[in-house]
Amino acid sequence: MPFTLAEHVVAQTEPLKKGVFLGILRESVVSDMMPFRSTSRLHEAGVRYDEVIEPDFIAINGTIAEKTARGKNLSYGVYQMAVHLDIPVPLESDQGVLERPSARQAKLASYGSGYKLNDYFVNGDQGADPNGFEGINKIVGNLAAAQSVGATELDIRTNPSDATIQSVIDRIDEGFHAIQGHKPDFGLLNDTTALRLRSCFRRADLLGVNEDWIRDGLPFGNIRQKLASAATKPMFVYQGVPFYDIGLTAGQTTRIMLNTYTEGGSTGTGSRIFLVKKGEDDAEMLQYAAPNVKEIGLLESKEVRRHRFTWSVGLAVWGSKSLVKIQGLRTA
């Protein structure tokens, strides 16, 4: 089983660090669902093969053709999040508060890092921010065209017809078929799309809103249930696969995934669904240094004690079918 932050939380004994990890898990679907692989290098290299070598049938004593499969060199890095937390000494020393200011500020920083990870996992673009990692939307754009499913817009805003509902379900099934093993580990979408899909599933009398929970059980381990982490709160389950609202950016006003995309037949009105296959040969998070809050000490010029939050993390997608984007859904 891959190592996850949920297991790491259980191993923590220092309350401040435990609170930081738990804060990330409760606010970040990505940090909870994705496996993390520790690395001692700032960059990881690999090769992806998008083709295979096909032998020929030949005549006895016939000439044997030489063939070579050309790989695509891949390189993924880790990138550091960091922020300073400055607490005036009198406030930190006040015994009349329920929680030390440093602990509260560290917890809020962990929440913010969880939102940041969610955002960059989907929207990371080194052309816009070279200090962050490339997200799945950029990566899937470099995969085969078959990994982006949907060429015409399907409008499911209000009272969609039965035919439209079936077309939406067909498109999701096509996305499943396009991913490695024909079954993703989880899906990501926004709240609007999730609510409209739940409505479609109810109208079509499909399992996947409540029934799959009862029949198949929770699709994650007991540790996550105990911690009430983000993985335990999917919007719905379809074919045993949990789908999550990726939520808002740290500012709490902007959706990470919008309803204004121009793709898949939509002209500024499209929504997306991402399907993810996780694992060491598919999609995984790279971690150079775990989330950490350490005390730097008193500032030279004032009576303030500084703490520093850091986390060195990145995303690697090794497989040619590890991601799928379902596009062209109009839900708002």
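This is a predicted model: local features need pLDDT of at least 70, side-chain atom pairs count only at pLDDT 80 or more; totals for chains, interfaces and linings use all residues.
Let me start with Arg-70, which touches Tyr-49 and Glu-51 once residues up to four places away in sequence are left out, a contact being heavy atoms within 4.5 Å. Residues are numbered from 1 along each chain as its sequence is written, and side-chain values use heavy atoms, with hydrogens and water left out.

Arg-70 sits in the loop between strand S2 (43-49) and strand S3 (71-77), where helices (H or I, at least four residues) and strands (E, at least two) are DSSP runs numbered from the N terminus. With a relative accessible area of 68%, Arg-70 is exposed; the cut-offs are under 20% for buried, over 50% for exposed and partly exposed in between, with a 1.4 Å probe and protein chains only. Its C-alpha atom is separated by 9.6 Å from that of Ile-53, 17 residues apart along the chain.

For the chain as a whole, there are 10 helices and 13 strands, and buried residues make up 48% of the 332 residues. Among contacts with a separation of 6 or more, 75% are between residues 24 or more positions apart.

Gln-147 itself lies in the loop between helix H6 (136-141) and strand S5 (148-149), and with a relative accessible area of 3% it is buried. A polar atom of the Gln-147 side chain is 2.8 Å from the backbone oxygen of Leu-323.

Ser-322 is placed in the loop between strand S12 (304-317) and strand S13 (323-330), and its relative accessible area is 0%, so Ser-322 counts as buried. The side chain of Ser-322 makes a polar contact with that of Asp-282, at 2.8 Å; a polar contact is a pair of N or O atoms within 3.5 Å, where, within protein, one must be able to donate a hydrogen and the other to accept it, and residues adjacent in sequence count only if both atoms are side-chain atoms. Leaving out residues up to four places away in sequence, the residues that Ser-322 touches include Ile-179, Leu-275, Val-276 and Val-317.

Turning to the helix pair, H7 (residues 162-178) and H8 (residues 191-203) pack at an angle of about 115 degrees, with their axes 10 Å apart. That makes H7 roughly perpendicular to H8, the class for 65 to 115 degrees, whereas angles under 35 count as roughly parallel, over 145 as roughly antiparallel and the rest as oblique. Ile-165, Val-168, Ile-169 and Ile-172 in H7 meet Leu-197, Cys-200, Phe-201 and Arg-203 in H8.

Also in helix H8 is Asp-191, which is partly exposed at a relative accessible area of 26%. The Asp-191 side chain makes a polar contact with the side chain of Arg-255, at 2.6 Å, and, residues up to four places away in sequence aside, Asp-191 touches Asp-245 and Arg-255. Asp-191 and Leu-258 are 67 residues apart in sequence and 9.7 Å apart in space, C-alpha to C-alpha.

Thr-152 is in the loop between S5 and strand S6 (154-155), and is partly exposed, with a relative accessible area of 48%. Its C-alpha atom is separated by 7.1 Å from that of Ser-266, 114 residues apart along the chain, and, apart from residues up to four places away in sequence, Thr-152 touches Arg-171, Gly-264, Gly-265 and Gly-328.

I will finish with backbone angles. Most residues other than glycine have a negative phi. His-182, although not a glycine, has a positive phi of about 60 degrees; this residue is in the loop between H7 and strand S7 (186-189) and is partly exposed, with a relative accessible area of 47%. Gln-239, also not a glycine, has a positive phi of about 55 degrees, and its place is in the loop between strand S8 (236-238) and strand S9 (241-245). At 47% relative accessibility, Gln-239 counts as partly exposed.

Notes: Axes are lines fitted to C-alpha atoms, for helices over the stretch in contact, and angles run from 0 to 180 degrees between N-to-C directions.
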